[in-house]
Amino acid sequence: VYITTNEINSGERQFYRLNLKNLKRKRLTNLTGNNEVAISPNEKHFGIRYSFSNTPWELYLLENASGAKEERITKSTTDEFDSYSWKIPENIIFNAEDGVEVHARLYQPEGGAIGKPMVVFVHGAGYLQNAHKWWSGYFREYMFHNILVDNGFVVLDVDYRASKGYGRDFRTGIYRHMGGKDLSDQVDAVNFMVNKYGVDKENVGVYGGSYGGFITLMGMFNAPDTFKSGAGIRSVTDWAHYHHAY
């Protein structure tokens with residue numbers, strides 16, 4: 001059978017052939033990022049929808065043969081788009097106050113983070129994953145983060161508690177307490193950045209939309225010593241007005 005796993009790290013998706021008799025598997029994809037694979041009816045080729053952190057989705061063709069390499073068959077970007085050097089965020093891990101490992105995407109301006117202001121981005125839905133190594137569904141925010149970095153800001157994009165991709169306990173970490181660990185993870189992230197990277201603790205802002213707007217408001221009210229400013233976009237302000245899935 002064929003399977004996709006994130007066994008290399010939580011921010012990658014790679015494709016494997018699994019032998020059911022001995023449970024040994026062979027990795028078939030070669031590109032770092034996310035590989036969404038469709039198998040041809042005769043299993044001789046794989047069609048791959050692939051992207052990397054700073055590269056939008058493209059289609060590739062891969063022969064099902066030893067040593068084969070992916071062949072790119074589409075080009076979705078323009079020359080103008082390609083003329084800008086889109087930044088590759090660094091994938092980092094820090095420990096929250098309760099010892100749990102939390103993943104984040106870090107963007108640093110030229111010259112590093114020491115003494116620089118920082119913006120914390122809070123992704124929406126609560127349960128998404130955004131600190132990965134493929135093209136973000138938040139591509140507008142990704143482009144905005146490039147602008148911020150060009151203007152001397154540090155940007156941190158945290159996969160806070162309840163984000164997917166990190167297992168059951170992480171996913172259920174905010175059960176019956178939204179605005180708890182999901183907020184404290186943002187505060188712990190700021191403290192980590194101040195202590196390790198030297199960002200200006202007096203100039204930290206936070207923003208996000210939907211669930212990210214909710215956490216932004218929670219941060220402004222409940223962690224005002226951490227966040228100097230915030231932009232809550234299309235925020236959820238009363239869960240009684242939302243739908244039952246939450």
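**Paired strands and paired rings**

Modeller: The bridge partner of Gly47 is Leu61, which lies in strand S6. This is a predicted model, in which local features need pLDDT of at least 70 and side-chain atom pairs count only at pLDDT 80 or more, while totals for chains, interfaces and linings use all residues. Residues are numbered from 1 along each chain as its sequence is written, and side-chain values use heavy atoms, with hydrogens and water left out.

S6 covers residues 55-63 and pairs with S5 in the antiparallel sense over seven bridges. Strands are DSSP runs of E with at least two residues, helices are runs of H or I with at least four, and both are numbered from the N terminus. Two strands pair if DSSP finds at least two bridges between them. Two residues separate S5 from S6 in their hairpin.

On S5 (residues 45-52), there is also antiparallel pairing with S4 (residues 34-39), over six bridges. Here Asn35 stands opposite Tyr50 of S5. The hairpin of S4 and S5 has five residues between the strands, and Glu43 in the turn has a positive phi of about 60 degrees.

A side-chain contact comes next: the charged end of Arg49 sits over the ring of Trp57, 3.9 Å from the ring centre. For this, NZ of Lys or CZ of Arg must be within 6 Å of the ring centre and within 35 degrees of the ring normal.

Phe81 and Trp135 are edge-to-face because their planes stand at 70 degrees, with ring centres 6.3 Å apart. Rings of Phe, Tyr and Trp (its six-membered ring) pair if their centres lie within 6.5 Å; planes under 30 degrees apart count as stacked, over 60 as edge-to-face and the rest as tilted. This pair links distant parts of the chain, 54 residues apart: Phe81 is in helix H1 (residues 79-82), and Trp135 is in the loop between strand S10 (118-122) and helix H2 (139-150).

Phe81 and Trp135 are both buried, that is, under 20% relative accessible area, where over 50% is exposed and in between is partly exposed (1.4 Å probe, protein chains only). Trp135 also forms an edge-to-face pair with Tyr142, at 5.1 Å centre to centre and 70 degrees between the planes. Trp135 has a relative accessibility of 9%, so it counts as buried; Tyr142 is buried too, at 2%. Ring pairs join Phe81, Tyr84, Trp86, Tyr107, Trp135 and Tyr142 into a cluster.
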